[in-house]
Amino acid sequence: MAKNNRYGAARKKKRNSLFAPVSFLLVALAILFGMGVFFRVQVIEVDGAQTYTDQQIIDAAGVAYGDNLFFINRIAASSGIFTTLPFIREASIERVLPNKLIITVSESYAAAYADWEGQHWMMTASCKYLGTGDGAELNGLIHILNLSIIDPKAGEQLAVDVSDSARLSYLETLLRAFEEAGMIGSVDNLDLSNPANPTFRYLNRFTVKMGPNDNTDYKLRMLLSAVTQMDGSMTGSIDLSEGTAVHVSPE
């Protein structure tokens, strides 16, 4: 009798060991089927877009109504927005159960422009091309002089000839520093002809000499501090090249 009980228990254990993976597979299939049938996108909300329409953002993300929320590749969708639409700086995708997709974007703005084959190519402070501009579009932007740019394309980073690599490096530093100091709109005619001592016009009153590519943030803080102490009608040149002092030559 005991032998039969042991035999029956062994058969039951064997059936359970076979049934467990089958049950797991059936549950998994049921979940996948449910995900495929339900959680379809019925609402797409776009936040933060100004330059582009909601539909342009949606198309660039590669999503559509009826897509399954769980099968949307959020990284690929964000990348598609960023690479397709030049004015977009950041993009994120959020799923909201059971049927909503939220696309949040932040836009870049033009900080400067450079000339190439008769066109004015606008770019951000991070040197990303936004496209060409003219007239009022260029007002308040920093005009970059004496930099040989190569084959600009909207959405791509500024590229230059190898011989201009030092100029490009200084430009990247300066534009970032101008942005952080809140000087975009007050600077014009950034001349990179001498990469060891570029100059620019500030407030349309001063020609500023920067000197070597070091301590840029500190130099600009010195400049801002010095100008606030000057008479509002004063013009001339300001030399920051020493890095530790401001030399003013009034006109």
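Predicted model: local features only at pLDDT ≥ 70, side-chain atom pairs only at ≥ 80, totals over all residues.
I take buried as under 20% relative accessible area, exposed as over 50% and partly exposed as in between, with a 1.4 Å probe and protein chains only. Residues are numbered from 1 along each chain as its sequence is written, and side-chain values use heavy atoms, with hydrogens and water left out.

**Entry 1. Aromatic pairs.**
I count rings of Phe, Tyr and Trp (its six-membered ring) as a pair if their centres lie within 6.5 Å, and I call planes under 30 degrees apart stacked, over 60 edge-to-face and the rest tilted. My search of the whole structure returned four aromatic pairs. One of them joins F39 and F70, whose ring centres are 5.1 Å apart with planes at 85°, so I list the pair as edge-to-face. F39 lies in the loop between α1 (2-37) and β1 and F70 in the loop between α2 and α3, so the pair ties together parts 31 residues apart in sequence. I looked up accessibility as well: F39 is partly exposed at 27%, and F70 is partly exposed at 35%.

I then noted Y52 and F87, an edge-to-face pair with 6.4 Å centre to centre and 65° between the planes. Y52 is in the loop between β1 and α2 and F87 in the loop between α3 and β2, 35 residues apart. Y52 has 12% relative accessibility and therefore counts as buried.

**Entry 2. Helix α2.**
I take helices (H or I, at least four residues) and strands (E, at least two) as DSSP runs, numbered from the N terminus. In α2 (residues 54-61), I found I57, I58, A60 and A61 buried. They cover an arc of only 165° around the axis, taken from the directions from the helix axis to the C-beta atoms, which puts them on the same side of α2. The buried residues of α2 pack against β1 (43-47), α3 (74-84), β2 (88-96) and β3 (100-107), contact meaning heavy atoms within 4.5 Å. G62 follows α2 and has a positive phi, near 75°.

**Entry 3. Strands β8 to β10.**
I treat two strands as paired if DSSP finds at least two bridges between them. Strand β8 (residues 187-191) runs antiparallel to β9, with three bridges joining them, and four bridges join β9 to the antiparallel β10 (residues 206-209). I traced R201 of β9 to both sides: D188 stands opposite R201, and T207 in β10 also stands opposite R201. In β9 (residues 199-202), F200 and Y202 form the covered face, whereas T199 and R201 form the uncovered one. β9 and β10 make a hairpin with three residues between them, and L203 in the turn has a positive phi of about 60°.

**Entry 4. Salt bridges.**
I require a side-chain nitrogen of Lys or Arg within 4 Å of a carboxyl oxygen of Asp or Glu. The structure holds six salt bridges. E45 and K100 meet in one, at 3.0 Å from N to O. E45 lies in strand β1 and K100 in strand β3, so this pair ties together parts 55 residues apart in sequence.

D214 forms another with K219, the closest N and O atoms being 3.4 Å apart. Which partner is buried? At 0% relative accessibility, K219 counts as buried, whereas D214 is partly exposed at 38%. I also recorded that salt bridges with shared partners join R176, E180 and D217 into one network.
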